[in-house]
Every structure is written in C-alpha cells, then in structure tokens.
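Dear colleague,

Please find below the structure that I am handing over to you. My notes on it follow directly after.

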Amino acid sequence: MTGADRTVFVNTAAASEAGTGAEAAPEAVDLTAPFGGGTLPNPVTTASGCAGYGRELAKFLPLAELGSITTKTIMLAPRSGRATPRMAETAGGMLTGIGLQGSGIEHFVSHELPWLAERGARVLVSVAGERVEEFAACARALNGQPGVVGLELNLSCPNADNRGLVFAANPATSHDVVQAVREVADPTLPVYAKLAPDVTSITDVAKACVRAGADGLSMINTLPGVVIDTDTLRPHLAGTVGGLSGPAIRPVAVGCVYEVHAAMRAGECAAVPILGMGGIRTGLDALEFVLAGASGVAVGTAIFNDPTAPLRVLDELREALAARGFAKLTDAVGLAHHKN
Amino acid sequence: MAHPVQRQAEIVELSPVGAYHRLVLRAEGIAERVLPGHFAALAVDRADGSLLLRRPFFIHRADPAQATIEVVFAEAGRGTRALARQRVGDVVDVVAPLGNAFAIPTGPASALMVAGGYGSVPLFGLAERITEQGGSVGFILGAPTADRLFSIEQARAFTPDVLVTTDDGSYGIRGQITLPLTEAMRAIEAGVVYASGPTGMLRAVAEVCAREGVRCFTAVEQAMACGVGVCMTCVLPVVGEDGVSRMVRSCVDGPCFDGSRVRWEDIGAVPPDLEGAAAMGER
C-alpha cells in the first residue's frame with residue numbers, strides 16, 4: 001500500500017448533519033469531552049507519572065488549555081521511590097520503575113494543588129494506596145480542594161493485604177477500592193479506575209469497577225517487563241521489573257479500550273466514559289483511541305520526547321477530526337465498532 | 001533553575017574532537033540564557049522514530065551574537081551514534097538551557113577545575129566567569145587514556161596551572177585524577193573545587209575536598225529520560241538545607257550539587273534515613 005494514495009474516509013453522516021460538507025474547519029470542531037457524568041472542554045490530559053504535578057510542563061504549555069492535567073500518583077505518606085537505575089530505553093518506548101516517589105497527599109494539597117488551581121488547570125488527581133483505606137483517605141483529603149475535577153485510582157499498586165499483588169489484578173480487589181473511594185469522595189467528583197492490561201479479562205475488571213461506582217475508566221497502565229543489561233549481565237532496573245510504556249504498547253492499549261467499549265455497547269457493562277492512554281504521540285494515535293471508544297485521551301511517555309506533546313496532540317486531533325468531517329468529538333467515539 | 005525553551009535547531013558544525021564530537025547548534029533564544037553548568041536535552045531520532053528519550057549534554061560554549069550553543073558528546077550507544085551521523089544543515093529538536101548552573105564565588109577566588117574525560121565541557125565557561133571576576137583557575141584533566149582527554153590546549157590558554165593524568169600513563173601523570181589533587185589544591189591555594197565527570201571520580205574528589213576543608217561543587221551525570229524534571233529517573237540522594245536526605249532530580253535540582261551534600265556512597269540505593277524510605281519496605 002502506498003501511503004500517499006490512501007483514502008481518508010469522511011464521516012458523511014456527521015458532516016451532512018452539521019451541514020459543513022466533507023471537511024469541517026478545525027476550529028469549528030466541538031471538542032467537548034464526556035468526563036464522568038459531566039464534560040471537560042477537550043479530551044486531552046497528561047498520563048499519570050509523565051507530567052509531575054504540572055510545574056515543569058507549565059514552562060512549555062499553558063496547563064489550562066488542556067482538558068485536564070493528571071498528576072503523578074499521590075499516596076498518603078512521602079515515598080523515596082526506588083533506587084536507580086529506574087529506567088531503560090526500549091524500541092519505541094521505555095521501561096520504568098520509579099516506585100511512586102512523592103511527598104504525600106498533605107504536601108500535595110498544601111503546596112502543589114493551590115499552584116495548579118491558580119493557573120486554571122483542571123486537575124485529575126491520581127491516588128494510590130497499599131490498602132483500600134489508604135485510597136479512601138487520599139480521596140477524603142481532596143474533598144473541597146480547589147482545581148480538582150476528578151480522581152483517578154492507580155490500581156496498579158501492590159496490595160499489602162494480598163501478598164503485594166496489585167489491586168488491578170483482579171475484579172474483587174479493584175471493586176473494593178472503587179467502592180471505598182466512591183463512598184467518601186465528594187459525590188460531584190468523577191472517580192476513574194485505572195486498569196492494568198496484564199489481566200485475564202480486563203472487561204471483567206472494568207465491569208467490577210463500574211459496578212462499584214466508577215464514573216469512568218482509564219486504560220491502560222504500563223505493561224510489566226524486564227530489560228537485562230548485557231554488559232553487567234543483570235537486570236537493568238534496580239527494581240528488576242518495570243512498566244513498559246510508549247508507542248510500542250499502543251495496539252495493546254487500543255485493544256483494551258476496544259474490548260471494554262464493545263462490552264458497553266453490548267450492554268454487558270454499564271456505559272461510562274473511557275480515558276484512553278498508552279503510546280499516544282500524535283493526533284492520529286489519539287484518534288485511534290477515540291474510534292475504539294475513548295472519549296478522552298492521555299499523553300504520557302511522548303512528553304519525555306516532546307514536552308509540548310499534549311497540546312500538539314490536541315491540535316492534531318482537532319485537525320484530524322475536521323479532515324474526516326466530524327463536527328464534534330463525540331461523533332467519533334467508538335465509531336470503529338460500526339459495521340458499515 | 002533555568003527557564004528552558006524548545007527549538008528546532010540547525011546543525012552548523014559537527015566535527016570530531018579526539019574521541020568525541022563537537023556539535024554546534026543554531027537556535028534563537030537559547031545562548032543568551034546559558035550559564036556555566038547548564039545543559040541541553042537533544043532528541044536523537046526522527047519525530048516518529050523509535051528512540052524517544054532525550055540525551056542530555058553539558059553546554060560547552062554559548063554565543064548569543066551567533067545564536068549558537070555548542071555541546072560535546074561521546075558515542076556511547078544508539079542515540080549518540082544516531083546524533084553523530086547527522087549532517088550540517090540537519091535540524092535537531094533541542095530543549096535548553098536546563099539545570100541549575102554552578103554556584104559562582106562572589107569575589108575573586110582561586111578555583112581548581114577537575115575534569116574526567118570530556119567532563120571539562122561545562123568548566124570553561126565557569127573558568128571564564130571566575131577570571132573575569134578577578135579570580136584565578138587551575139585545571140586537572142584526567143582520562144583513562146590520552147585519546148579521551150578533552151581540551152588541554154583550551155585549559156592552557158587560561159592558565160599555566162594545568163595538570164594532566166591518564167590511567168595508563170599515555171599522557172601526563174600516570175594515575176587517577178585524585179593522585180595530584182591534594183597537592184594541586186594546596187599549590188594554588190584553592191578556595192573552591194569544581195568537578196565534572198564520572199560519578200566515581202566526583203565521589204573521590206568530594207572526599208578529598210572534605211578532608212582538606214575546601215568547598216566542592218560537582219556536576220553529576222545521571223541517566224535521564226526527559227531532562228525537564230518530569231520523569232523522575234535521574235534522581236540521587238542529597239542532603240537538603242534542612243538536613244533531611246531526599247531523592248532529588250539531577251536535571252532540575254542539579255546537575256551542579258555541593259559535593260558535600262551528595263550521598264555518594266548511597267547512589268543506586270535507598271538508605272533507610274532517606275525521606276520516604278520507610279514507605280518503600282519490601283512486602
């Protein structure tokens with residue numbers, strides 16, 4: 001196939017409805033994105049752990065122009081994180097084992113959140129715990145705080161009460177975390193469960209989370225992996241196992257979004273918005289997630305390559321939607337599932 | 001820290017210097033912001049290429065009139081090999097200036113510059129500042145072998161006080177860089193030592209300085225993914241002003257650290273007294 005000759009199919013139904021013809025003006029595309037039970041001005045956020053708490057990225061882009069900014073995962077107590085080396089570059093991505101380094105929820109609320117709120121950033125706060133009640137305590141600490149638009153539960157945190165197996169590994173523990181958080185969190189704040197791809201059935205975990213009250217699903221977290229240093233003949237990361245991220249994992253991530261969205265369409269799982277992530281580097285990458293069923297997208301590892309990537313992806317997504325005749329983002333959500 | 005900008009920079013020169021490569025990049029808005037110790041983070045692959053992570057390089061020179069910065073790099077892996085294959089006229093995505101820069105003595109001072117390999121790269125701008133302020137500098141340049149020494153002539157242009165060491169004796173004094181260190185510090189009555197190079201060397205220099213009671217600043221090299229402070233991979237344990245040790249990022253809190261505050265022996269570990277270490281207990 002020659003790339004130059006590829007036909008770009010336009011969404012004729014959406015285009016004729018909007019009366020714009022085949023191609024819409026990019027600035028006219030309505031990017032309003034479903035988020036929990038409400039909306040955000042646009043679908044693009046940062047993936048947790050790839051944008052810190054926003055201060056560094058603010059030097060490269062106005063945070064308020066993103067739909068939201070998702071923070072690095074915050075836990076109750078300060079954590080030093082793991083020893084170095086924490087990272088190995090891989091083909092089309094990287095393996096990282098940071099160990100959730102952070103100053104704890106109290107420090108976040110007093111030092112980081114006010115700064116973000118002042119800049120008009122809409123903050124999706126990623127929280128985690130080693131026990132169900134730690135997730136809940138973090139959620140409670142965020143109630144009534146400025147700038148917070150939602151919570152994202154990082155379920156890929158080792159569960160101290162279950163031999164260190166991550167919460168995301170099975171539907172029951174995922175359910176328990178979501179339920180505990182939903183009970184104490186401000187009812188107006190959407191709670192997103194972030195799912196891990198390395199499970200027997202991500203749809204089963206998704207269903208359990210939605211049943212427990214999740215207002216949205218974030219997919220996917222990193223894939224576990226090991227890189228061996230062929231000079232030292234030992235694992236490259238101090239923590240041996242790390243999480244694989246970057247463009248290399250994108251088809252896995254799109255596949256997970258596709259599968260769970262399909263279950264929602266089939267009525268097997270109550271429909272909630274999906275925040276898609278995993279290897280998004282361009283607007284077309286983001287569009288893949290949207291077509292698979294995501295109504296929001298997060299840019300992660302690509303930020304390390306290009307600190308302006310989230311805003312660039314937003315612009316490119318807007319153009320890609322316009323070029324295909326979409327008057328609004330929501331017309332494209334899940335369109336890949338249509339039979340014709 | 002510096003306020004970095006991202007630019008598509010044009011390569012105006014790429015040439016071998018001994019075992020290294022000298023790369024001169026032209027881009028508006030960078031050179032005038034550069035202070036000694038700042039670095040640049042370069043993308044090494046195409047925008048859709050498979051190597052995503054930026055490579056950090058200390059800035060050797062910055063010329064605001066020409067809008068150029070110069071970095072020096074060694075071919076050490078796929079990324080730097082790819083960079084070395086670029087040509088004059090090609091465009092490189094650069095984020096700079098980055099990092100915290102060296103602390104510079106306020107008045108005239110006698111400073112000893114200690115550099116391993118091409119670690120001398122960030123020290124010349126610093127030497128210039130110090131001499132401009134009426135101070136003086138000496139250099140110890142060391143490397144495993146003669147071909148890995150960098151810019152001996154440039155050092156000699158500053159001062160006759162230049163010592164050179166090689167591990168194999170192929171040039172200058174045979175031995176490690178710390179061999180003549182104490183004597184050199186005393187000879188020039190160094191009030192401050194600036195060191196740049198591999199971590200093991202920095203640790204050894206910091207230990208000698210501590211013994212001699214001389215201020216020591218070190219420019220560290222840690223593996224980095226982003227260079228801008230978000231990836232948290234380039235951390236090392238450092239004692240803060242409040243006496244508490246924390247994992248700090250060498251890209252934004254460094255790369256220039258007071259050598260007496262870095263917990264050199266704990267790099268690559270999580271010492272139990274580090275803030276937040278208790279939460280990391282193996283379960």
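In chain B, 65% of the contacts with a separation of 6 or more are between residues 24 or more positions apart; two residues are in contact if their C-beta atoms, placed from the backbone, lie within 7 Å. For chain A the corresponding share is 73%.

The model is a predicted one, in which local features need pLDDT of at least 70 and side-chain atom pairs count only at pLDDT 80 or more, while totals for chains, interfaces and linings use all residues. Residues are numbered from 1 along each chain as its sequence is written, and chains are lettered from A and ligands numbered from 1 in the order in which they are written.

Chain B has five helices and 15 strands; helices (H or I, at least four residues) and strands (E, at least two) are DSSP runs, numbered from the N terminus. Its radius of gyration is 19 Å, close to the 19 Å given by the globule rule for 283 residues, so chain B is as compact as a globular protein of that length. The radius is taken over C-alpha atoms, and the rule is 2.2 Å times the number of residues to the power 0.38. The C-alpha trace of chain B spans about 55 × 50 × 40 Å along its principal axes. Of its 283 residues, 49% count as buried, that is, with 20 or more other C-beta atoms within 10 Å of their own, the C-beta atoms being placed from the backbone.

Chain B is divided into domain 1 (5–98), domain 2 (101–219) and domain 3 (222–283), with bounds from an automatic or database domain assignment. The C-alpha centres of domain 2 and domain 3 of chain B lie 25 Å apart. Their contact takes 14 residues from domain 2 and nine residues from domain 3. On the domain 2 side, α5 (199–212) and β12 (215–219) of chain B each supply at least two residues, and α5(B) gives the most, with seven residues. That side divides into 11 nonpolar, two polar and one charged; Ala, Val, Leu, Ile, Met, Phe, Trp, Tyr, Cys and Pro count as nonpolar, Asp, Glu, Lys and Arg as charged, and the others, Gly among them, as polar.

The contact between the chains takes 33 residues from chain B and 38 residues from chain A. The chain B side comprises 22 nonpolar, eight polar and three charged residues.

Chain A has nine helices and 16 strands. Its radius of gyration of 19 Å agrees with the value near 20 Å that a compact globule of 340 residues would have. Of these 340 residues, 61% count as buried.

An open sheet of four strands in chain A has the order β5-β6-β14-β11, with antiparallel pairing; two strands pair if DSSP finds at least two bridges between them. Its edge strands are β5 (87–90) and β11 (223–225), each pairing on one side only. Strands β6 (residues 93–96) and β14 (residues 242–245) of chain A pair over three bridges, and A:T96 has A:G243 as its bridge partner in β14(A).

A:L237 lies in the loop between β13 (234–235) and β14 of chain A. A:L237 is buried, with 26 other C-beta atoms within 10 Å. Leaving aside residues up to four places away in sequence, A:L237 touches A:P85, A:R86, A:A88, A:L95, A:G97, A:V227 and A:G242.

With kind regards

Terms used. Buried ≥ 20, exposed ≤ 12 C-beta atoms within 10 Å, placed from the backbone.
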